[in-house]
Amino acid sequence: MKNLRKEFPVVDQYTYLNTAYSGPLSTQLINHRRTQDQLQLERASLYRIENDSIFSTVKKTIGSSFGAQNSTIVLTQNFSIGINTIFNGLSTKSKVLLLENDYPAMQTAVASKGFDTKYVRWDKNIRENIKSAIDSYTPDIFAFSIVHYISGAKIDLAFIKDLKETYPNILFIADATQFCGTSAFDFENSGIDILGSSGYKWLLGGYGNAFFAFQKNTLEAVTPTPYKKNISISSAPDDYKSLEARFQPGHLDTFNFSSLNYSLKFLQSIGFDRIEKELEKLRRKLWFELADLNLIDTTNFCVQEHSSILNISGDKKLFQSLNKERIVCSQRGTGIRFSLHFFNSEDDIEHVIAVLKKVL
């Protein structure tokens, strides 16, 4: 992975441990975007007409990246728009199961619409907590993030698949914004009915692009009956009255989705299996180094899966000390969040640990 670091100039200037906040753009992607901008400058509407196929192209790339070739893919400007559109289409009489302190966009999309809601505690007993809540609450929908955005704890996807087999009538909706781009993944065999992700974090695609994947017939199931009735009699062009159009109203940005497509192709060329192995190696090194400094809760280690997002005990003063040493990270929850991607190195980890030992 060392040769890939040169694609991300930011890592030469900073110890960049903040992909969970925003993934850096690669040099290759910037060059691609400059070309797209120049073409738009020179050709205006002709550029748009000639590149309109990028939306179908990026859907195919998403499908091949995440095992969703036979699924319905819709494009949105960000995850929040998509998840709100989904819940706008569901009956508020539905019972929704959520995880405590999950990603705000997910929780707000549910809470703001008046659903009957129950929350599950996310701790080392997460599997038992979810199973118990399903049995006692009997939800219609289980909406969750695969990776917790603060702690980095990761839901066991084999457990999710088993749950879906046991409870086939529950609609499983997953936020994969902190997951897609970090691991090999087969959506169509995952047990997840709807999966959404923004492209500006681990997919390194910049802002203004996101996608949702729907298992067969799921998109129709979450589309309101009045919408389906009205589009069936509408004289508008097909682009305006498809089920996908509810998520894609107006114009999508050719530039932004071209960026996502380009970055996905870049990640495919590296290999998601290879990225996953590299992240696990880096994550384990950072975890044990932080544990030696008593900065991280080790009680959940090897009890549940974990991503390459780690949150340490630390206040604003410590955060500022890290910033002064050009370590880019985030304050999240009651601590400080580090997030490692494949372009990070063991040298990055050693630098962070050296600084922590110096300032603590």
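Mentor: Helices (H or I, at least four residues) and strands (E, at least two) are DSSP runs, numbered from the N terminus. The model is predicted: local features need pLDDT of at least 70, side-chain atom pairs count only at pLDDT 80 or more, and totals for chains, interfaces and linings use all residues. Residues are numbered from 1 along each chain as its sequence is written, and side-chain values use heavy atoms, with hydrogens and water left out.

Trainee: What does the globule rule give for 360 residues?

Mentor: The protein chain holds 15 helices and 12 strands. Its radius of gyration, taken over C-alpha atoms, is 21 Å, and the rule is 2.2 Å times the number of residues to the power 0.38. The chain is therefore as compact as a globular protein of that length, since for 360 residues the rule gives 21 Å.

Trainee: What percentage of the residues of the protein chain count as buried?

Mentor: Buried means under 20% relative accessible area, exposed over 50%, and partly exposed in between (1.4 Å probe, protein chains only). Of the 360 residues, the buried part is 55%.

Trainee: Is His341 buried or exposed?

Mentor: His341 sits in the loop between β12 (335–339) and α15 (346–359). Leaving aside neighbours within four places in sequence, His341 is in contact (heavy atoms within 4.5 Å) with residues including Thr19, Trp202 and Leu282. With a relative accessible area of 0%, His341 is buried.

Trainee: How many Å apart in space are His341 and Leu17, C-alpha to C-alpha?

Mentor: In sequence, the two are 324 residues apart. Between the C-alpha atoms of His341 and Leu17, the separation is 7.8 Å.

Trainee: What is the relative accessible area of Cys329?

Mentor: Cys329 lies in the loop between β10 (327–328) and β11 (330–332). Not counting residues up to four places away in sequence, Cys329 touches Leu17, Phe319 and Phe338, among others. Cys329 counts as buried because its relative accessible area is 6%.

Trainee: Where is Ser197 placed?

Mentor: Ser197 counts as buried, at 0% relative accessibility. Its contacts beyond four places in sequence include Phe79, Cys180 and Phe211. Residues 194–198, Ser197 among them, form strand β7.

Trainee: Is Asn217 buried or exposed?

Mentor: Asn217 has a phi near 70°, a positive value in a residue other than glycine. The residue is found in the loop between β8 (210–214) and α9 (218–221). Its relative accessible area is 57%, so Asn217 is exposed.

Trainee: What is the phi of Arg326?

Mentor: Arg326 lies in the loop between α14 (316–324) and β10. Arg326 is partly exposed, with a relative accessible area of 40%. Although Arg326 is not a glycine, its phi is positive, at about 60°.
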